[in-house]
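Please consult the sequence and the structure shown below while reading.

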Amino acid sequence: MTVQEEARPELEVWIDQDLCTGDGICAQYAPEVFELDIDGLAYVKSSDDELLQDKGATTPVPLPLLDDVRDSAKECPGDCIHVRRVADRVEVYGPDAE
């Protein structure tokens, strides 16, 4: 691991399905991280491509997909995508980011 990689904070993402509009923009930006289920709502996926349907389920944000995940949070019409640092759980992208 390089010094630069060590300096990057680990991030995780989750979706608030209560606010999800089912628009699917997130799955268009980052299909490796987000997927629409049969109920029409978006969910995050595990690193093994498994849909995580538990309320508040999180998945790590792979560094190569950070821009796509960030853009998903920014463009989401439901403001339901939350990206936060793992270490202190502070939201860095999404409706609660400062």
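Helices are DSSP runs of type H or I with at least four residues, and they are numbered from the N terminus. The model under discussion is predicted. Across the whole structure, a search returns 7 salt bridges and 0 disulfides.

**Salt bridge within a helix**

- Arg70 and Asp67 form a salt bridge in which the closest N and O atoms lie 3.1 Å apart.
- Both residues belong to helix H3, which covers residues 66-75. Because Arg70 and Asp67 are 3 residues apart in this helix, about one helical turn separates them.
- Arg70 has a relative accessible area of 26% and is therefore partly exposed.
- Asp67 is likewise classed as partly exposed, with a relative accessible area of 43%.

- A salt bridge joins the side chains of Asp18 and Lys55, with an N to O distance of 2.9 Å.
- This pair links distant parts of the chain, the two residues being 37 residues apart.
- Asp18 sits in the loop between strand S1 (11-15) and helix H2 (25-29), whereas Lys55 sits in the loop between strand S4 (51-52) and strand S5 (59-60).
- Asp18 is exposed, at a relative accessible area of 62%, and Lys55 is exposed as well, at 67% relative accessibility.

**Salt-bridge network**

- The side chains of Asp49 and Lys45 meet in a salt bridge, at 2.8 Å from N to O.
- Glu35 joins Lys45 and Asp49 in a network of salt bridges.
- Lys45 has a relative accessibility of 7% and so counts as buried.

- Cys80 accordingly takes part in no disulfide, and its nearest cysteine sulfur is that of Cys76, at 3.6 Å.
- Is Cys76 buried or exposed? Its relative accessibility of 11% places Cys76 in the buried class.
- Cys80 also counts as buried, with a relative accessibility of 2%.

Technical notes. Residues are numbered from 1 along each chain as its sequence is written. This is a predicted model: local features need pLDDT of at least 70, side-chain atom pairs count only at pLDDT 80 or more; totals for chains, interfaces and linings use all residues. Side-chain values use heavy atoms; hydrogens and water are left out. A salt bridge is a side-chain nitrogen of Lys or Arg within 4 Å of a carboxyl oxygen of Asp or Glu. Buried means under 20% relative accessible area, exposed over 50%, partly exposed in between (1.4 Å probe, protein chains only). A disulfide is a pair of cysteine sulfur atoms within 2.5 Å.
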